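Visitor: I have just opened this one and would like a walk through it. Could you start with the overall form and then go on to the details?

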Amino acid sequence: MGKEVARVSAFEVLSQVDLLSPNQYTTEQKLQWLGELEGRIYADVILATPEKLAEMEKTWQDTLAVTWPHNDLYVHWLLAKIYQANGELEMYQNRMESFNASYQNYVNWYIRTHDPANQEGAVFQ
């Protein structure tokens with residue numbers, strides 16, 4: 001049997017980001033930014049049903065969807081949002097480049113290994 005990959009929580013990501021780049025933003029604000037990304041992952045990559053999205057909205061902070069080795073995308077995203085809010089556009093652009101590369105790697109891996117479009121309950125528009 002394969003070992004299950006440990007999932008991180010939103011609060012673990014916030015702690016890591018705060019260590020890397022101390023900032024003045026509240027936990028609530030950072031969770032809002034992180035929640036935007038998590039919602040997009042569930043809607044656009046995992047192709048969650050509306051019911052699953054509603055369920056995820058209540059519990060997403062406990063266990064984030066993306067696991068190692070791809071979960072660095074959360075840190076890149078949150079740091080980019082912080083730099084954007086600070087008006088540090090060069091740092092924002094650098095982090096968004098890192099985020100985009102990590103996100104695309106995750107999407108490619110997810111499609112290769114899960115084939116979300118052929119799963120029951122996939123949402124198509």
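Visitor: What radius of gyration does the chain have, and what would a compact globule have?
Guide: In this predicted model, the chain has a radius of gyration of 15 Å, which agrees with the value near 14 Å that a compact globule of 125 residues would have.

Visitor: And what does the C-alpha trace span along its principal axes?
Guide: The C-alpha trace of the chain spans about 45 × 35 × 30 Å along those axes.

Visitor: How many helices and strands are there?
Guide: The chain has five helices and zero strands, so that its pattern, read along the sequence, is α-α-α-α-α.

Visitor: What share of the residues is buried?
Guide: Of the 125 residues in the chain, 38% are buried, and the accessible surface comes to about 7,900 Å², with 50% of that belonging to carbon and sulfur atoms.

Visitor: What about contacts between residues at least 6 apart in sequence?
Guide: Among those contacts, 71% join residues that are at least 24 apart in the sequence.

Visitor: Changing topic, how much space lies in the largest pocket?
Guide: The largest pocket holds about 160 Å³ of space, and of the 12 residues lining it, Arg7, Ala65, Thr67, Tyr110 and His114 are the closest to its centre.

Visitor: Which helix gives the most to that lining?
Guide: That is helix H5, covering residues 89–114, which contributes four residues to the lining of the largest pocket.

Visitor: And what classes of residue make up the lining?
Guide: By class, the lining of the largest pocket consists of eight nonpolar, two polar and two charged residues.

Note on methods
Residues numbered from 1 in each chain as written. Predicted model: local features only at pLDDT ≥ 70, side-chain atom pairs only at ≥ 80, totals over all residues. Heavy atoms only, no water. 1 Å grid on protein atoms, 1.4 Å probe; cavity = no way out; pocket = protein on both sides within 12 Å on 5 of 7 lines; lining within 4 Å. Points joined across faces, edges and corners; volume = space filled by probe spheres on them. Helix = DSSP H or I, 4+ residues; strand = E, 2+ residues; numbered from the N terminus. Nonpolar A, V, L, I, M, F, W, Y, C, P; charged D, E, K, R; others polar. Rg over C-alpha atoms; globule rule 2.2 N^0.38 Å. Buried < 20%, exposed > 50% of the residue type's maximum accessible area, 1.4 Å probe, protein only. Contact = heavy atoms within 4.5 Å. Areas by Shrake-Rupley, 256 points an atom, 1.4 Å probe, with all protein chains shown as cover.
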